[in-house]
Every structure is written in structure tokens, then in C-alpha cells.
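Visitor: I'm new to this one, and I'd like to learn how to read it. Could you walk me through it?
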Amino acid sequence: MDGDDLPVGRRVARWRVRRRMSQQVFADRLGKSKSWVDKVERGVRTLDRYSVIQEIAEVLRVDPALLLGTRLPSWGRLAELDGVDGLRAALARYDHPAAVVPSATLERHVAHAWLTYQHGHYAQVVRALPGLLDATRVRHATAPEGAVEPLVQAYRITSAVLVKLGEADLGWLAADRAVAVAGDDPALAGTAAVAVGQALRALGRGRLALAVTVTAARPGRPQAGTRRPGRTAGAVRDVAAPGRPGRRRAR
């Protein structure tokens, strides 16, 4: 049976595995039971409501048509069909044909991307990030004055949303690039290192994550500009105790 002939449930299972989600995690994100997911994937339960297929497609980050088998993906529409693959392609791209964007414009776009991420609109952020990465990298390559921070922030947003979407390996790559771009700026390097730690934690590398973030928050690191002095240390606490940020153990 080729990909075109797969029933909807099998397609759901294939994309779930590709997204590295267990049936339980997938069920939790849908608000369903693990048994419901298992029955759908085995074809015991029929998906006969398009609204449910849309919900599943949103969790899997694919076009509903891919689950229904009514349209084949093409390289030209990859970013539309799978936003994470679009981000992967952007991170793998070393030629940046975009035009140079003024620094003030980039800063507004970066601030908007952070706000969108904080409000949980991950699909919208994922669609915007490839263009933002291209624009910030072009600016950094052609007119580096004032371009380091927007590029570091773009990589940090990319890392944060990828970790949130279960793509921690790509998140680690983006965070590592943020560290490389930050260079000798202690505040930018510190926040970028925290992003590395968060990606490592998501990959199950808790001790290494804590070591990275504790190093980033060493006492005596100067804070530049308008960046908040307590921010990195607070993030270290989140990495150290992700389940209960800011809470102390009861005595």
C-alpha cells in the first residue's frame, strides 16, 4: 500500500510518529483519550467530521488535505504544508536573497514575534520566522551595526517555538547559533545560553542544561544597555526546576 492509498487513521499515525509524539501526548493535546487515538489510527473509529480532522491537522502541523489524501505535498508549497519544515529549510539556508531591512523595522518585527509567541499563536510565529531569519541575517551580513541583537533574538524565538512544538533538536541548533552571533556581548550571550539550556532540557539532557545556564548566570557578568539584570538567573531557576518555577520546597 503506497502513501496515496493509506486510510486517514494510518496517515494520522505516520505524522504523529514523525512529530515524535506518543499516543498519550497526542491524545492530551487533542483533549481525547489514548484509547480514542489508538482506535482512530487502527481504523476502528472513523473520522467522519471535518472539524475533528482540522483539529488533528493543527496538532500535527500539517494541511488537513495531507490527512485526507486529497493533495500531494510539493517542494514549492513545503512551507505552507508544514511550517516546521519551512523553519528547518531556513536554518539550513546559507544564501539570503532578501533585501536589507532597516534596523528599526527589524526590531518591531522581532518584538511582534515575541509577543505572538507569548500569546501562544505558534502557527503564526512559525509562518513568520523564516522571513524574519532571512531579514536579520542579511542585515547582520551587510550592515552589522546594531544588527547583532535582532539576529540573536530571532534565533532565540526560533529555538523557543521549536522546543515548544517538540522539535528540540532544531531548537538546540537555533540556540547555538544565537550564542555564536552574540559573541562577546555578555548579556546577549547569557540569554542565548539559557535558550541552549532549555533546548537541552527538552532533549532530556538536564545536567548539561543546568551547567550551561549556571555558567551563563555567573555572578559578575555585566549587563549592558536596557536588559534586565535578573533575567538570566531567573531562567536558570526555570531550567533547574521546570515543574515548579519560582516555588520553594515546603519544609
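Guide: Happy to. Let's begin with handedness: a crossing is left-handed if the near helix is turned anticlockwise from the far one by less than a right angle, and right-handed if clockwise. Helices (H or I, at least four residues) and strands (E, at least two) are DSSP runs, numbered from the N terminus. Here, α9 passes α10 in a left-handed crossing.

Guide: Before going on, some ground rules. This is a predicted model, where local features need pLDDT of at least 70, side-chain atom pairs count only at pLDDT 80 or more, and totals for chains, interfaces and linings use all residues. Residues are numbered from 1 along each chain as its sequence is written, and side-chain values use heavy atoms, with hydrogens and water left out.

Visitor: What does the secondary structure of the chain come to?

Guide: The count is 14 helices and 0 strands.

Visitor: At what angle do the axes of α9 and α10 cross?

Guide: Axes are lines fitted to C-alpha atoms, for helices over the stretch in contact, and angles run from 0 to 180 degrees between N-to-C directions. Helix α9 (residues 122-142) and helix α10 (residues 148-164) cross at roughly 150°, and their axes come within 9 Å. That makes α9 roughly antiparallel to α10. As for the words, angles under 35 degrees count as roughly parallel, over 145 as roughly antiparallel, 65 to 115 as roughly perpendicular and the rest as oblique.

Visitor: Which residues in α9 and α10 meet?

Guide: A contact means heavy atoms within 4.5 Å. From α9, the list includes Y122, L129 and H140, and from α10 it includes V148, P150 and K164. By class, this contact has 13 nonpolar, 3 polar and 2 charged residues. (Ala, Val, Leu, Ile, Met, Phe, Trp, Tyr, Cys and Pro count as nonpolar, Asp, Glu, Lys and Arg as charged, and the others, Gly among them, as polar.)

Visitor: Is P150 buried or exposed?

Guide: Buried means under 20% relative accessible area, exposed over 50%, and partly exposed in between (1.4 Å probe, protein chains only). P150, found in helix α10, counts as buried at 4% relative accessibility. Leaving aside its neighbours within four places in sequence, P150 touches E107, V110 and T136.

Visitor: And how many residues of helix α7 are buried?

Guide: In α7 (residues 83-92), 7 of the 10 residues are buried, among them V84, L87 and L91. Across the chain, buried residues make up 43% of the 251.

Visitor: How do α2 and α4 pack?

Guide: Helix α2 (residues 23-30) and helix α4 (residues 50-60) pack at about 120°, with axes 10 Å apart. The two are therefore oblique to each other, and their crossing is right-handed. F26, R29 and L30 of α2 make the contact with E55, I56, V59 and L60 of α4. Those residues divide into 5 nonpolar, no polar and 2 charged.

Visitor: What is the average pLDDT of the chain?

Guide: pLDDT is the predictor's confidence in each residue, from 0 to 100. The chain averages 77, and 76% of the residues score at least 70. Over residues 71-81, though, pLDDT is below 50, and it stays under 50 over residues 219-251 as well. Where pLDDT is low, the predicted coordinates should not be read in detail.
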